[in-house]
Amino acid sequence: MRNKFQDLATLDLYQNRGKVKWIIFIASLIISIGSIYYTNTLVSELKEREKKQITLYANAMEYVANNSDNLTFIHQGIIQENHNIPVIVADAFGKPSGEYRNITFKKNATEADIEEKLRSEVLRMKMDYEPIQILDNQYLYYTNSELLTRLKYYPYVQLSVILVFGVLAFAVFNQSKIAEQNRVWAGLTKETAHQLGTPIASLMAWIDYLKNSPVWDENKEVIVELDKDVSKLRMVTERFSNIGSAPVIKQENVYSVIEEAVNYLRPRISSKVSIDLSSHAEDVDAMMNRSLFEWVVENICKNAVDAMKGQGQIAINIVKESEQFVHVDIADTGKGIDKSMFKRVFNPGFTTRQRGWGLGLTLAKRIIEGYHKGRIFVHQSELGKGTTFRIVLRGANESSSEFKVDRDPFLD
């Protein structure tokens with residue numbers, strides 16, 4: 001019973017992962033704001049303390065200036081002991097009198113450099129705090145100590161470091177989780193292909209027997225179609241068994257590859273669905289794996305048939321955009337996709353069918369973007385009118401007509 005509740009809780013978290021992310025984000029935001037508020041409170045208290053210190057400092061200077069008695073204790077105990085707060089004595093117009101403390105100058109600074117530095121510091125100090133008058137035409141200008149300045153920016157630096165670390169940790173964890181899921185996925189597909197191998201081989205043997213039997217003449221068309229279906233099933237099995245292995249990508253004629261896939265689909269879908277293939281030229285070549293690309297075309301066309309509820313038109317148009325890219329647009333006259341769903345349709349498990357697995361477009365995206373280094377996306381869609389998917393393939397590379405993908409993207 002406990003395991004069942006745990007499974008239900010895990011499933012609920014997965015289904016509501018969007019809300020969970022928002023809860024984590026809001027909690028992090030509250031912690032961040034609390035940290036900044038607490039640090040700013042400390043900064044305000046330190047500011048007030050430094051203000052009292054600087055007021056005492058100004059009063060001491062005023063007292064020393066107005067009294068000629070022995071004031072060594074005040075001078076050494078208060079004025080000379082200020083080792084933190086930058087101060088400059090200047091007139092009402094900001095002209096320094098030459099008395100200052102805790103101001104840093106560059107090495108080998110001349111008197112002109114010192115004068116310019118003091119004037120610029122006075123202007124900055126005047127913007128930070130109102131100067132304190134100590135004599136008739138003398139004012140004490142001051143600003144925050146280095147410690148207070150560091151403390152002021154400390155929470156932002158701290159939160160930035162935590163944020164960067166959190167993002168990196170999340171990215172590594174997420175990538176590791178995806179890689180683990182993909183390895184399981186690849187293992188399942190290979191095992192499925194292995195299990196299907198024996199019955200497919202048996203079916204192929206039976207078809208060969210039928211071709212050489214007396215029933216061949218009377219059932220030639222049926223046997224030929226059966227042979228095509230078994231060949232297709234063998235091809236699908238090979239596709240599954242090759243997942244986890246790097247496929248060979250080579251130069252292929254785009255029109256002939258799509259035409260072969262379409263010719264297989266036509267007699268196996270509703271007769272009320274027409275598939276039209278067009279290209280400005282039939283000699284358009286691109287870099288692809290023929291078997292995998294046919295799989296992509298089939299998946300998109302089958303989704304289009306479902307979207308049109310078995311009645312409508314599919315138009316496939318091939319355009320050589322440039323020497324580098326070839327575009328394949330697959331348009332249907334189905335129910336269309338809302339703009340907010342353009343990216344979500346490629347997510348695993350996304351489907352509008354009751355019995356669908358929601359993996360067709362996910363596989364198509366993996367094949368095009370992972371293996372072929374191309375792109376696939378919803379080019380345009382209008383509710384009630386239809387959808388156009390665009391596939392972008394790399395054009396034929398004359399200097400390298402064949403190559404292997406370095407790594408199987410299903411295992412990344």
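User: Which side chain meets Arg 119 in a salt bridge, and at what N to O distance?

Analyst: Glu 115, at 3.4 Å, N to O. A salt bridge here is a side-chain nitrogen of Lys or Arg within 4 Å of a carboxyl oxygen of Asp or Glu. One caveat: this is a predicted model, where local features need pLDDT of at least 70, side-chain atom pairs count only at pLDDT 80 or more, and totals for chains, interfaces and linings use all residues. Residues are numbered from 1 along each chain as its sequence is written, and side-chain values use heavy atoms, with hydrogens and water left out.

User: Where do Arg 119 and Glu 115 sit relative to each other?

Analyst: Both are in helix α4 (residues 111-128). They are 4 residues apart, so about one helical turn separates them. Helices are DSSP runs of H or I with at least four residues, strands are runs of E with at least two, and both are numbered from the N terminus.

User: Which residues are linked in a network of salt bridges?

Analyst: Lys 117, Glu 121, Arg 124 and Asp 128.

User: And which salt-bridge pair links distant parts of the chain?

Analyst: Glu 225 and Arg 268 meet in a salt bridge at 2.9 Å, N to O. Glu 225 is in helix α6 (residues 220-242), while Arg 268 is in the loop between α7 (254-265) and β6, 43 residues apart. Glu 225 is partly exposed at 31%. Arg 268 is partly exposed at 29%.

User: Switching to strands. What does β8 pair with?

Analyst: Strand β8 (residues 312-320) runs parallel to strand β6 (residues 273-279), joined by 7 bridges. Val 273 stands opposite Gly 312 in that pairing. β8 also pairs with strand β9 (residues 325-332), antiparallel, over 7 bridges. There, Asn 317 stands opposite Asp 329. Two strands pair if DSSP finds at least two bridges between them.

User: How many residues are between β8 and β9?

Analyst: 4, and the two strands form a hairpin.

User: What about β11?

Analyst: β9 and β11 are antiparallel over 7 bridges. Val 328 has Ile 391 in β11 as its bridge partner. Strand β10 (residues 375-382) also pairs with β11, antiparallel, over 7 bridges. Ser 381 stands opposite Thr 387 there. β10 and β11 form a hairpin with 3 residues between them, and Gly 384 in the turn has a positive phi of about 85°.

User: How many residues of β11 are buried?

Analyst: 8 of its 9, so strand β11 (residues 386-394) is mostly covered.

User: Now the surface. Which residues form a nonpolar patch?

Analyst: Trp 22, Phe 25, Ile 26, Leu 29, Ile 30 and Ile 33, with about 660 Å² of accessible area together. Patch residues have over 30% relative accessible area and no salt bridge; like charges are joined within 9 Å, nonpolar side chains (Val, Leu, Ile, Met, Phe, Trp, Tyr) within 5 Å. Areas come from the Shrake-Rupley method with a 1.4 Å probe; for residues, only the protein chains shown count as cover. Ile 26 is in helix α2 (residues 17-66) and is partly exposed at 43%.

User: What is the mean pLDDT?

Analyst: 79, and 83% of residues reach 70 or more. pLDDT is the predictor's confidence in each residue, from 0 to 100.

Technical notes
Buried < 20%, exposed > 50% of the residue type's maximum accessible area, 1.4 Å probe, protein only.
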